[in-house]
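Please look at the sequence and the model shown here. The report below describes how the chains are arranged and how one of them is built.

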There are 2 protein chains.
Amino acid sequence: MTADQLFQQITLKRSFLCIGLDADIKRIPSEFRQAEYPLFEFNKNIIDITHNYAVAYKPNTAFYECHGDKGWKQLELTVEYVKKNHPEVFVIADAKRGDIGNTAAKYAEAFFERMSCDAVTLSPYMGSDSVTPFLDHKEKWAILLALTSNPGARDFQLGRHEGSTALFTSVLEKSAKWGTTDNIMYVIGATRAEMLVKVREIVPRHFLLIPGVGAQGGDLGEVAGYGLNDRCGLLVNVSRSVIFPEGENHRDAVLEITLSIQQEMKKILEDRNM
Amino acid sequence: MTADQLFQQITLKRSFLCIGLDADIKRIPSEFRQAEYPLFEFNKNIIDITHNYAVAYKPNTAFYECHGDKGWKQLELTVEYVKKNHPEVFVIADAKRGDIGNTAAKYAEAFFERMSCDAVTLSPYMGSDSVTPFLDHKEKWAILLALTSNPGARDFQLGRHEGSTALFTSVLEKSAKWGTTDNIMYVIGATRAEMLVKVREIVPRHFLLIPGVGAQGGDLGEVAGYGLNDRCGLLVNVSRSVIFPEGENHRDAVLEITLSIQQEMKKILEDRNM
């Protein structure tokens with residue numbers, strides 16, 4: 001998928017919502033737990049309820065790997081289900097991989113060929129040759145960690161690095177040259193929304209994947225205020241607040257929270273004439 | 001496994017060899033390709049030939065994930081085979097994960113509980129809370145990327161960082177405080193052996209996992225000269241050169257290269273009275 005095609009989906013759905021499919025077996029409603037593939041049945045239900053209001057889904061590989069090969073199977077079934085029924089939806093494997101070239105090529109094969117994900121999240125620590133094998137795949141994306149939403153982001157990402165004000169700005173500056181605005185995005189945590197000003201100075205045109213809205217405390221209005229560009233340029237991810245909402249009826253509660261986020265996004269887009 | 005137990009194995013086998021199980025389907029001998037689980041049968045064969053001369057095996061998750069759930073199954077079968085038949089051997093999941101706390105806990109569950117790996121390789125980019133969930137597992141290890149063996153290591157790892165001479169030294173300095181010499185190791189690429197002097201100033205007691213010997217060009221004598229400590233403190237990984245050696249008879253060629261490395265290690269240990 002190209003950046004323009006993604007923007008087109010955003011304008012059609014009036015939403016820049018990405019739903020994180022962190023299908024924690026301990027938290028999924030009991031009705032799904034008896035199924036042969038409980039994580040998949042749970043995800044399918046979430047997708048059926050939300051696909052008109054979300055432009056992307058982001059399964060997090062850890063929640064599948066902890067169930068072994070049967071977990072991995074359910075990750076594959078989930079991606080297949082989205083792509084078969086809603087090919088216009090962007091699918092991100094939240095895998096945070098990062099390894100030497102020959103290994104990176106194998107990860108790209110796993111997520112882009114074996115599965116039909118549109119994007120994979122990657123750690124930039126090992127540098128260019130750990131990222132470029134992903135960029136060799138046409139209309140696929142590498143989403144690089146720049147500034148994450150967790151407390152540990154302070155340990156290294158915010159420290160000054162070479163000539164740059166911080167390691168995360170150094171990552172943006174260097175890696176933007178490895179690809180284009182059609183195959184690289186960045187993870188910028190919503191819990192540090194004011195940092196988006198600095199981010200937009202360096203990568204004004206790139207799409208940003210913003211985690212941390214909801215359970216982790218980030219604010220959507222603030223993120224949009226600092227981060228939007230003229231083709232939106234944001235995918236805001238919400239995981240736990242959407243898939244495990246408060247409320248007795250899970251289906252109703254998922255729909256209600258998803259719609260309320262989508263309505264807020266619709267207003268934000270309208271205010272910017274998008 | 002504790003560091004002392006690992007050192008005991010090193011002295012018993014007179015080897016600090018780790019064999020990387022990068023089971024590339026395109027390179028494994030044809031005799032294994034017809035099996036239901038070709039990667040597992042190939043690994044089993046490598047393990048049967050080499051287990052007296054290696055103290056660790058390191059399957060690289062990418063080579064299994066690119067075969068989907070059936071690939072993941074073969075990763076699990078491989079770890080199970082080692083631990084059932086040779087429980088004294090150290091097993092490293094070369095996964096290079098790194099995510100926020102609740103996700104890190106799931107990865108730890110995947111590799112330490114669902115499988116019985118002794119260690120997982122991790123990227124330090126996301127900081128302390130992406131690592132500490134792994135340290136909560138008794139006698140299990142987090143192996144943090146510090147200085148890697150690939151060309152891209154230059155992009156960020158070698159750049160000055162805050163008060164430290166480089167990002168990789170900053171990683172060593174900070175993360176050493178998150179755990180102990182019994183649950184943290186570091187990846188230091190053999191292609192930068194002279195850097196081991198600097199590494200040993202910061203972490204004199206930690207075990208180091210050294211990739212890059214063999215196919216990537218690192219030199220064993222040089223690595224040992226700069227990196228050994230009084231309980232060895234090194235696991236030197238060789239992947240492609242051992243599992244895909246030149247030679248007509250695969251079994252003989254694997255044994256020959258493994259033995260030649262082990263003999264070189266034996267001499268190195270003897271020279272240092274270990």
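Predicted model: local features only at pLDDT ≥ 70, side-chain atom pairs only at ≥ 80, totals over all residues.

**The barrel.** In chain B, eight strands close into a barrel in the order β1-β2-β3-β4-β5-β6-β7-β8, and their pairing is parallel. From one strand to the next, the twist averages 30°. Helix α11 (residues 220-227) of chain B packs on the sheet, where it touches β7 (208-210) and β8 (234-238) of chain B. The direction of α11 makes about 160° with that of β8(B). Strands β1 (residues 17-21) and β2 (residues 56-59) of chain B run parallel and are joined by four bridges. In this region, B:Leu21 stands opposite B:Pro59 in β2(B).

**The contact between chains.** How many residues does the contact take from chain B and from chain A? The number is 47 residues from chain B and 47 residues from chain A. Elements of chain B that each supply at least two residues to this side include α4 (62-65), α5 (68-85), β3 (90-97) and α9 (167-175). The largest share, seven residues, comes from α6(B). The table divides the residues of the side of chain B that touches chain A by kind.

| Kind of residue | Number on the side of chain B that touches chain A |
|---|---|
| nonpolar | 16 residues |
| polar | 15 residues |

**The buried parts.** The largest nonpolar core has 192 residues, and of these A:Ile143 and B:Ile143 touch the most other members. Beyond its neighbours within four places in sequence, B:Ile143 is in contact with residues including B:Ile92, B:Val120, B:Leu122, B:Met185, B:Val187 and B:Leu209.

Helix α9(B) is largely enclosed by the rest of the structure, because seven of its nine residues are buried. Among the buried residues of α9(B) are B:Leu167, B:Phe168, B:Val171 and B:Leu172. What covers the buried residues of α9(B) comes from both chains: it includes α8 (153-156) and α9 (167-175) of chain A, together with β5 (141-147), α8, β6 (184-188) and α10 (196-202) of chain B.

Terms used
Residues numbered from 1 in each chain as written. Chains lettered and ligands numbered in written order. Pairing = 2+ DSSP bridges. Axes fitted to C-alpha atoms, helices over the stretch in contact; angles between N-to-C directions. Contact = placed C-beta atoms within 7 Å. Nonpolar A, V, L, I, M, F, W, Y, C, P; charged D, E, K, R; others polar. Core = buried A, V, L, I, M, F, W, Y, C linked by C-beta atoms within 7 Å. Buried ≥ 20, exposed ≤ 12 C-beta atoms within 10 Å, placed from the backbone.
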